[in-house]
Amino acid sequence: MKREKDFDNGMIQGGAILTFTFLLVALIPFVGPFVLILTPLPILYYSSRLGRLRGLTVLAVSFLAAYVILDLVAHRAYLSVLLMIGFTGVLLSEVLKRNFSVEKTLLFASLALFCCGAGFVLYHSFRSGIAPWRMVETYVARMIEENIKLYAQMNISDEQVQMIRENAPQLTLFFTGIFPALGLSGIVLTVWVNLLAGRRLFQRSGAAFPDFGDLAAWKAPERLVWIVIIAGGMLFVPMEGITLVGMNLLIVSGLIYLFQGLAIAAFFFRQKQVPKMFRLLFYGLILVQQYMIIVLIAFGLFDMWVDFRKRIKGIKDNIHNP
């Protein structure tokens, strides 16, 4: 009886939290984008905690409630986004139940979401009669135009804004060409962040979560460096299609080495017992200073030859054992 009551309370609590999350993303534009990447987390949590059937029931009721409220305020633009959020949370819950390794969990979940997103684009392309790449190009052009308007409102000189506006067509073609890699990278980052946050949430609540081992010791496969070399060579081939493929491969490979660079940083923080405040400051700098990402990718790439973690550990051992 107590177990059923706990489940009922969990369903009510979960429904309220999921509905609030959906509305937060849809109705508050300045908060929504920052919350968006973590919105699958409560769906993942309650799907795992309540079970498949109850979790799906809570999700369906929450989505319906959000749909009704958004319909009343004539705000339907985010409904497709909310559907993707719901699917992401349920998918992560199902993948975690298989107790895969962290690599397989990230790979399967990311590819499933990428295929779902591609299917979504193809579906709308079929309905509208517009070629998929034209839809992507239109979306990219709109995003660039919105950024130009945002830059015009910020403390950016008129000359720089005008330069961006004049080069908008070239920028649109460039970002359309690398859109597959950008989309896949965004999905992988979303899955990764939710897995990290989910592990912490599940541990605090006492719920079961797969053992991914020591993530600070994670390394990318050594053979990946050959893909980087081949992709880099493709950039020098005087054929646009091959160049775009090389750029997409480099972006995805760079993301993998970014994870290795972050693992090295986490290992360093742990070995040196760096306070959490300084760790958060470091991760915050990564978000606002793009060159930090390049530095971490470089650390991840050259770790195959240098083995930074072994050197960090060796330095510590030398300190304690002179």
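Is Glu137 buried, partly exposed or exposed? Glu137 is partly exposed, with a relative accessible area of 22%; buried means under 20%, exposed over 50% and partly exposed in between, with a 1.4 Å probe and protein chains only. The legends below return to this residue.

**View 1. The whole chain is a predicted model made of helices.** The secondary structure comes to 15 helices and zero strands, where helices (H or I, at least four residues) and strands (E, at least two) are DSSP runs numbered from the N terminus. The C-alpha trace spans about 60 × 60 × 40 Å along its principal axes. Of the 322 residues, 34% are buried. Residues are numbered from 1 along each chain as its sequence is written, and side-chain values use heavy atoms, leaving out hydrogens and water. Because the model is predicted, local features need pLDDT of at least 70 and side-chain atom pairs count only at pLDDT 80 or more, while totals for chains, interfaces and linings use all residues.

**View 2. Glu94 and Arg52 form a salt bridge.** A salt bridge is a side-chain nitrogen of Lys or Arg within 4 Å of a carboxyl oxygen of Asp or Glu, and by this rule the count comes to seven. In the pair shown, the closest N and O atoms are 2.9 Å apart. The two residues are 42 residues apart and link distant parts of the chain: Glu94 belongs to helix α5 (residues 79-96) and Arg52 to helix α4 (residues 52-72). Glu94 is buried, at 19% relative accessible area, whereas Arg52 is partly exposed at 47%.

**View 3. Glu94 also pairs with Arg98.** Here the closest N and O atoms are 3.3 Å apart. Arg98 is partly exposed, with a relative accessible area of 48%. Arg52, Glu94, Lys97 and Arg98 are linked in a network of salt bridges. Side chains of opposite charge can pair when their charged atoms come close.

**View 4. Arg134 and Glu137 pair within helix α7.** Their side chains meet in a salt bridge of 3.0 Å, N to O. Both residues lie in helix α7 (residues 132-153), three residues apart, which is about one turn of the helix. Arg134 is partly exposed at 46% relative accessibility, and Glu137 is partly exposed at 22%.
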